[in-house]
Amino acid sequence: MRYLPHTQEDITEMLKVTGHSSLEDLFSSIPESCRLKGDLDLPDALTEWELNDHMEGLAANMAATKVFIGAGSYRHHIPSALNYLLSRSEFATAYTPYQPEISQGTLQGIYEFQSMITEILGMDVATASHYDCGTALAEAMLIALKKKKKTKKVAVSALVHPHHRQIINTYLSPSGYELIEIPYNPDGTTDLSVLDAMEDVAAVAVQSPNFFGVIEDLTKVRAAADAKKALMVVSFTEALSYGLLKNPGSFGANLVCGEGQSFGISQSFGGPGLGILTGTKKLMRDLPGRLVGRAKDKDGKDGFVLTLSTREQHIRREKASSNICSNNGLNAMAAGMYLAFAGKKGLHELAVLNHDKAVFLKQTLEGAGFTAPFDTPFFNEFVLKAPPGFQARRKQLETEKGILAGLPLECYYPDLKDHYLFCATEVLSRQDIENLAKEVRP
Amino acid sequence: MTTPTATTGLIFNEPLLWEKSRDGRCGLSIPTSDVPSSPLDATLTTGGPNLPQLSEVDVTRHYTRLSQWNFGVDSGMYPLGSCTMKYNPKTNEVQAARPGFTTAHPMAAEQLTQGAMELMYNLEQDLGEITGMDAVTLQPAAGAHGELTGMLVIHAFHAKNGKQRSKIIIPDTAHGTNPASASLCGYESINIKSGENGILTPEAVAAVMDEDTAGIMITNPNTLGLFEENIQEIADIVHAKGGLVYGDGANMNAIMGIVQPGKIGIDVIHLNLHKTFSTPHGGGGPGSGPIGVVSKLAPFLPSPRISKTDKGYSWQFDCPDTIGRMLTFHGHFGILVRAYAYIRTMGKGLKLASQLAVLNANYIKAELRDTLALAYDRPCMHECVFSDKNQQPYHVTTLDMAKRLMDYGFHPPTVYFPLVVQGAIMIEPTETESKETIDEFIQAFKDIAKEAEETPELLQTAPNLPKVKRMDEVAAARKPCLCG
């Protein structure tokens, strides 16, 4: 086995030193009744070449060609240089940088990531990453509940990604906490007016752009949170939108969490993504997970370390508010690289292009019999009501041509029968969009 | 004294990204627009965040230089106890990078994602066999996330049975995540001490186990690297009172093909694919933390579940007793591909990997026992725990020795953990280190112990070779500067 360097002589010599008669003898402290009789029932080992054939077969059985959906996972171009740099094994095969003297590369890279994220979102502090947007948002709810101890409830917009709301429910329910859903207006924004009649809540959370792609009015969200003396929490699934939109920090958000997959990370069937978790300075010590900070060595030379670790589980144990240790560090590094490649100009131009493509897709589909239920500004996703017969045609396109023509919304929002969520990014050409319109025209 | 493998080389100072920025540079190829411009209302937008502006060359050189300041498994031996820093096979990276996988949309229709679903189904079966568990979920994102998932399953099981419980037993040799995970489920941790030989006794468990206790969280092999040999008796005690046994599988690398935890009384176990199954740690993640459960707990696993029918693979959303969703999509699929590639490459050879991991640890224990103080003199599994007791007379600490190891070209072991051993030095060599490398490591530790007696200042000022000297972590925490 090519990963195991031991020769028979090595094994014999080492067993002599340890005083064991055989490899089996090393396990004599394990009671006989605990030991597996016989071998594991696993397929036979493959050579590297057989593995390639097997995996090529599986990867070939993935049939999507043109994808017109986002909903939390977006296809964007990734620079070749990014994957090349990310695969440097000094980054990829290192552990969490607990020994800063020989981890300065990871530490500076993550510090730069944190810095660029705070700039993009207008927030004071960004953590070194979380698993994904949904889990980061669930953590944000826990922070809010910890800050407002007498309250057991959080108010979350129905236009927060449905899967994220499901995660929040999973995280909160065992402790007796409750998620109250804020319904939406006929224009596809969150109906904050219902908060007036609502009891005390620890957080008011919205997604912007929301699950329908619509840009929320964050000024109103701030006012609603103030009226409830609750934390204002903003999430997002399309990080690229903040290359163009006013950031949540400028509206006074207390916590902002998001999905960073659009920043140079492949979709990879939904994971690993990149959880972004940021807060105001006041909430710095409440944020879960690792933080990189500046430091000096004993000679006064500048460097970086993991810091404020007294918040974390390995020190606080049962008193820690989160149990996170491994995060999505390498993906944070990827996002840092992506933002460095794109820069101020690139990120903005790309965001503008995404919006333009989405508007073109919307108008083109409207020309093919679709109608828009909302007339509110969006970024690169939007909802359309389909003409009769589309459901069957969509299924046909999927199976016959691998085209994903919108995500049906009815399973998440039962009143939105025949409504579909569409997305366009820079990877779709005008031709792709016009072809889709031809395919779906009734 | 032998010649250390570490030496100095030409590395570069490299400023922060924004210190290299020049207005007008861009390192990304922006597609030409082929659609009309449709500007958003100006009240909604800005000119974009003030990010650094760099060319592709600038960025490439920046990260290449940064990488040279890092130590990874590919640089040298990385014997971090409890972290299983084994070699990360390169073919795993090739498999995960196949375009069919990387471009897959998680919400695409089942018939367009059969390849990924088949891989996930196969991996669930393989992990079920390795752990002896009846059902596996791949959704959890990391070990701690798997642990939380497992505790939520236990919580849901008790709720379904009509009476929630309020406590959970956690031995002092547990990972720090265990009590934190239990708290998230509203359970109070009941901490119990392991016996004098580092092994948990059935009596200690029986003394606290009652019908208001949800179960026990136990790491086996434990964090001292010892096999909890009373595990079956302990499980019987917990089960007799209606409790469940949670197994922390972080140390599974010691017992693949030797013990199936599901067959010795453990009801739930999480695995760290980035430890046992060779996926890279990535400087802190992403990892993957699948959990396996016995059949009576399967209905509580996160949804959706994957199933195989004669028509292919499909998602099962109809899971009335599920704890719900733990992650936005189907788990860290890119990591799952790597772990699957590893299992397919190793096959039944996984057992040999565990045997050699245990051999390497026992060999280090035997060779260093006269140099460092052994915490518990018992047969160890895949890691061995020493302390700095022998060096204390020279005012040399575990931290000093750890830092000095860097000058010899080794990543330090895990230090000051487990907490039950004062000044702990926890060494886990893994099976992928050769006898020669391990001999060099042992010699380095012997040389360092000698230095501790003769020239302790060499250790107290270590490390000397890395780009920066010992970092002042205390000052950094006092005045945190977290962005620039």
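A residue is called buried if 20 or more other C-beta atoms lie within 10 Å of its own, exposed if 12 or fewer do, and partly exposed in between, with the C-beta atoms placed from the backbone. The model shown is predicted, so local features need pLDDT of at least 70 and side-chain atom pairs count only at pLDDT 80 or more, while totals for chains, interfaces and linings use all residues. Residues are numbered from 1 along each chain as its sequence is written, and chains are lettered from A and ligands numbered from 1 in the order in which they are written.

**View 1. The loop of chain A that holds Tyr98(A)**. Tyr98(A) sits in the loop between helix 4 (89-92) and helix 5 (104-121) of chain A, where helices (H or I, at least four residues) and strands (E, at least two) are DSSP runs numbered from the N terminus. With 18 other C-beta atoms within 10 Å, Tyr98(A) is partly exposed. The C-alpha atom of Tyr98(A) is separated by 7.9 Å from that of Val305(A), although the two residues are 207 residues apart along the chain.

**View 2. Helix 2 of chain A and its packing against chain B**. Helix 2 of chain A (residues 48-60) has 13 residues, which at 1.5 Å a residue should span 18 Å, and the 18 Å between its end C-alpha atoms agrees with this; the expected span is 1.5 Å times one less than the number of residues. Its buried residues are Leu51(A), Met55(A), Leu58(A) and Ala59(A). Seen down the axis of helix 2 of chain A, these buried residues fall within an arc of 95°, so they line one face of the helix, the arc being that of the directions from the helix axis to the C-beta atoms. The face turned away from the buried side of helix 2 of chain A carries the exposed residues Trp49(A), Asp53(A), Gly57(A) and Ala60(A). The packing partners of the buried residues belong to chain B, namely helix 2 (90-96), helix 3 (99-102), helix 4 (114-131) and helix 9 (333-346).

**View 3. The contact between chain A and chain B**. In this interface 173 residues of chain B are in contact with 165 residues of chain A, two residues being in contact if their C-beta atoms, placed from the backbone, lie within 7 Å. On the side of chain B that touches chain A, the largest share comes from helix 10 (residues 350-368) of chain B, with 12 residues. That side of chain B divides into 84 nonpolar, 63 polar and 26 charged residues, where Ala, Val, Leu, Ile, Met, Phe, Trp, Tyr, Cys and Pro count as nonpolar, Asp, Glu, Lys and Arg as charged, and the others, Gly among them, as polar.

**View 4. The two domains assigned in chain A**. The domain assignment of chain A gives domain 1 (68-77 + 344-440) and domain 2 (80-338), with bounds that come from an automatic or database domain assignment. Taken over C-alpha atoms, the centres of these two domains of chain A are separated by 27 Å. Across the boundary, 25 residues of domain 1 of chain A are in contact with 23 residues of domain 2 of chain A. On the domain 1 side, helix 10 (329-366) and strand 11 (381-385) of chain A are the elements that give two or more residues, and helix 10 of chain A gives the most, with 7 residues. The residues of this side of domain 1 of chain A divide into 13 nonpolar, 9 polar and 3 charged.

**View 5. Helix 8 of chain B and its surroundings**. The buried residues of helix 8 (residues 231-240) of chain B are Ile231(B), Ile234(B), Ala235(B), Ile237(B) and Val238(B). Seen down the axis of helix 8 of chain B, they fall within an arc of 160°, so they line one face of the helix. These buried residues pack against helix 7 (202-208), strand 4 (213-219) and strand 5 (244-248) of chain B. Helix 8 of chain B is followed by Gly242(B), which has a positive phi near 80°.

**View 6. The two domains assigned in chain B**. Chain B is assigned domain 1 (92-348) and domain 2 (350-465), and 30 Å separate their centres, taken over C-alpha atoms. In this pairing 21 residues of domain 1 of chain B are in contact with 19 residues of domain 2 of chain B. The side of domain 1 of chain B that touches domain 2 of chain B has 10 nonpolar, 9 polar and 2 charged residues.
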